Amino acid sequence: MSTVTTGSLESRLRLRLLPRRRELPALAGGNRAALFSALWPVALVTAILVVLPLLATHGVQEVVAAGPFRKPSLNYPLGTDDIGRDVFSRVLYGMRESWLSALAVIAFGSALGALIGALAGALGGWVDMVLMRITDLFLALPATVIAIALIAATGPSLIHTLIALSVVWWPWYARIVRAEVRALAARPHADAARLAGVSRSRLILRHLLPGAIAPVVVTMSLDVGNLILALAGLSFIGLGAPPPSPELGAMSSQGLEYLLAYGWVPIAPAVAIAVLALMANLIGDRANRRLDQRTT
Amino acid sequence: MSTLALDVDDLHLTFPARGGDVHALRGASLKIEAGEIVGLVGESGSGKSVLGLAALGLLPKGTKPRATGKVLLGGEDMLTADESSSRARRGSYITAVFQDPMGSLNPSMRIGAQLAEAAGRSVAPAKDQLATMLAATGIADPEVKLRCYPHELSGGLRQRVMIAMALARDPRLVVADEPTTALDVTVQAKVLDLLAGAARERGTALLLVTHDLGVAARICDRIAVAYAGRIVETGTKSQILIAPRHPYTTGLLASRPRLDGAVAGGELPTLEGQPPDPRRPASGCAFKVRCPVADSACDQPPPVQIIGGRRCECHRPGSLAGWPAASSAAHAETGRLVAELARHQGDRVSVPDPALVLANIRREYPRPKRHPFAAAPEPLTAVNGVSLTIRQGGSLAIVGESGSGKTTLLRMAVGLLEPTEGTVTVGPGAGPQLIFQDAGASLTPWLPIGRQIAERLEALGVARGERAGRVLATLRAVGLPAEAAGALPRQLSGGMRQRAAIARAIAVPPALLACDEPVSALDVSLASQVLNLLCELRRKLGIALLFVTHDLAVARAVADEVAVMSNGEIVEHGPTAEVFADPAHGYTRELLAAVPEVAAAA
């Protein structure tokens, strides 16, 4: 109930009956509490990672006075690397970048995937056929090859890596949304809405798509970990931002030759990747449990 | 040692739950003699199924139920028995037949292997022994069926297999929980007779748990009536059916549509109200709020009265001669509100056009080719050349079994499906509406009821400012509180959901209201309320009804014309009274004979 306490029951109900202009159709109804409970950890971790670089003691590119290959110490908690940059500071920036990159790919992938999946699932027929074959086509493209091609054509950059990943990532969302929307479209409530004279766009937005939120959110949250690993993998083989930038995969690979002598240089970023992926998976599992319970 | 097959004494069962413990049973007592067939009848939530599960020692462990009382199976208490001994009892002493045979059979095992497993002897029984067991349940070609997988058998055959498995070890007691609810009406009658026959032949006692008094009346020796976690009345079949002593039993009997009832009257007596919430059990008599003869004494727990083997828990047993007719205050109130709704929407233009004309419609479904170069196989014909007319404000019931094409016909009538041939013409005014069997599934789960009704008003061009008022008027007319407008479907009970679906359909009265088994998922007391409401809406708003049902008694209660459908064709069509009095087609006679009737059994 809204916070209006005066006025007749009728006027209070009026508030709830009439569509609120700015309401996201996808969040209409009783999904919100479960969604919030599933997703607040993502927001929390994102917020922490965004402010984390405030703890950095040095700049990303700054060569410290102490020189290269310093052992971890109070001043340089994770030591310094081959050209004397503070590993701790670089890892903090790298974690932020990895996390936000993963979220960006997911946001893009789920938005495009939801659009295509909803259209295919709700309209069916040849639209479904064409959209899903296109989806299959993109699914067949190898991310690595696209990234190499893009980088060969335009030079290495983080954006190109993200584009390459997004291109192969959205089809999964399209498939999930399509399957869900198709199943919902065959349910009596979709028939009832059609008989009530609801327009096609509203049918999709209000009667079909909200049903796909839970599975999509579960997939999204489980995907964060996958994407962090995929991004780190691409940057490890040199398909990421060009060298000076603090990218965890690239840092790890550049430091690899010092593994035996100055282990902290490659290991610190690798551990950071592991921590991020683990955290993401824990959050994803939690979201999965929360939203699954609700739908049964 | 007694001869009792089952002795349940003062059984209390409580399931701890968030938001309050669920008191499923509150002192239920039930005795079953050896070889006796007892029907346990009650509405959903009355605790009848839980009682059956308790007897089987199959209470869901995860829910950590708290139980007191006794559940004696041949002297052993199933409540205190450990897992291994209660498992030993199951199979040899007590077995079960559940509603959904597909869920109870292993889909990856042949019937023969499952039956052998159920027989449970150390040496697997020979093929011909297994075949004899199947044959005893009336299965033709038992040798062939032994090699089948469950999905290769029809629902009726699967349930027969379940019965054969339940009887395989000659148990002393079989618990059958809604064994025929999922079956077609003619199959239902056969399976019930078979179950009863097999039990009697072996001297096995049978506890038949069902929501349908008619089903119990068909085969039982004694009937026990469950209400709010207690057995409120027990007696022989004829005692219960002819001279019920508990007012609840009287109400249950009265609210059942009958084959000899009024045609299209919509004047079924109704049990108003709902059973108490099992989280908040009432003090005193649980039925007092719905009881027409309740007085102040009923605030105390009712005394148990036992006369000549007849048990009744009531302060005023036998004081209610007949349930008051529906033209009570509540009924008049509904009528007034519907009339108000009609006024609100202006007088409907009365034109001579019929509400629906189906002209020789046919619907085919293509069958998949066996391989890409094969010739296209014959399509499946679901509806084959049906012509029907419903006049404005008329009411036609289509009866038939599953697979007869009645739902396909209905979907074509409302425009959800295109006929392959023929034309569908609907009357002027708002487009036809459909009430679904599963009201919960027909409402969008995440949209409040009021929004869903308002959407239809919006689609028909009702001004924004008027919508809220119209929504509330419609809700009142179908007997829902105004608060329902803000509720999500899952926050309402089954009966309320069906009313909400009806509200959406009549918010702007359509020329034609099609109903697909609208009450088959509802308890008797709710079903009669919904049927009355539909008749009332028809009378006051001039809506024509097209009613699909498998239940002839329901058809009689709402329709002035009946069309009997079989294999996609209409085999008989005529005024309800005539078709019932003098069925011309053999299939109609078969359907009529299969209806579980209380009057015939008593």
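1. Helix 7 of chain B and helix 8 of chain B are roughly parallel to each other (angles under 35 degrees count as such), because helix 7 (residues 155-167) and helix 8 (residues 185-202) of chain B pack at an angle of about 10°, with their axes 10 Å apart. Axes are lines fitted to C-alpha atoms, for helices over the stretch in contact, and angles run from 0 to 180 degrees between N-to-C directions; helices (H or I, at least four residues) and strands (E, at least two) are DSSP runs, numbered from the N terminus.

2. The model is predicted, with local features requiring pLDDT of at least 70 and side-chain atom pairs counting only at pLDDT 80 or more, while totals for chains, interfaces and linings use all residues. Residues are numbered from 1 along each chain as its sequence is written, and chains are lettered from A and ligands numbered from 1 in the order in which they are written.

3. Among the residues that make the contact between these helices are B:I163 and B:L167 of helix 7 of chain B and B:V191 and B:L194 of helix 8 of chain B, residues being in contact if their C-beta atoms, placed from the backbone, lie within 7 Å.

4. Chain B also holds an open sheet of six strands in the order 17-18-19-15-20-21, with mixed pairing, where two strands pair if DSSP finds at least two bridges between them. Its edge strands are strand 17 (433-435) and strand 21 (569-575) of chain B. Strand 15 (residues 395-399) and strand 19 (residues 544-549) of chain B pair in the parallel sense over five bridges, and B:I398 stands opposite B:V548 in strand 19.

5. The contact between the chains takes 25 residues from chain A and 31 residues from chain B. On the side of chain A that touches chain B, the largest share, seven residues, comes from helix 7 of chain A.

Notes:
Contact = placed C-beta atoms within 7 Å. Parallel < 35°, antiparallel > 145°, perpendicular 65-115°, else oblique.
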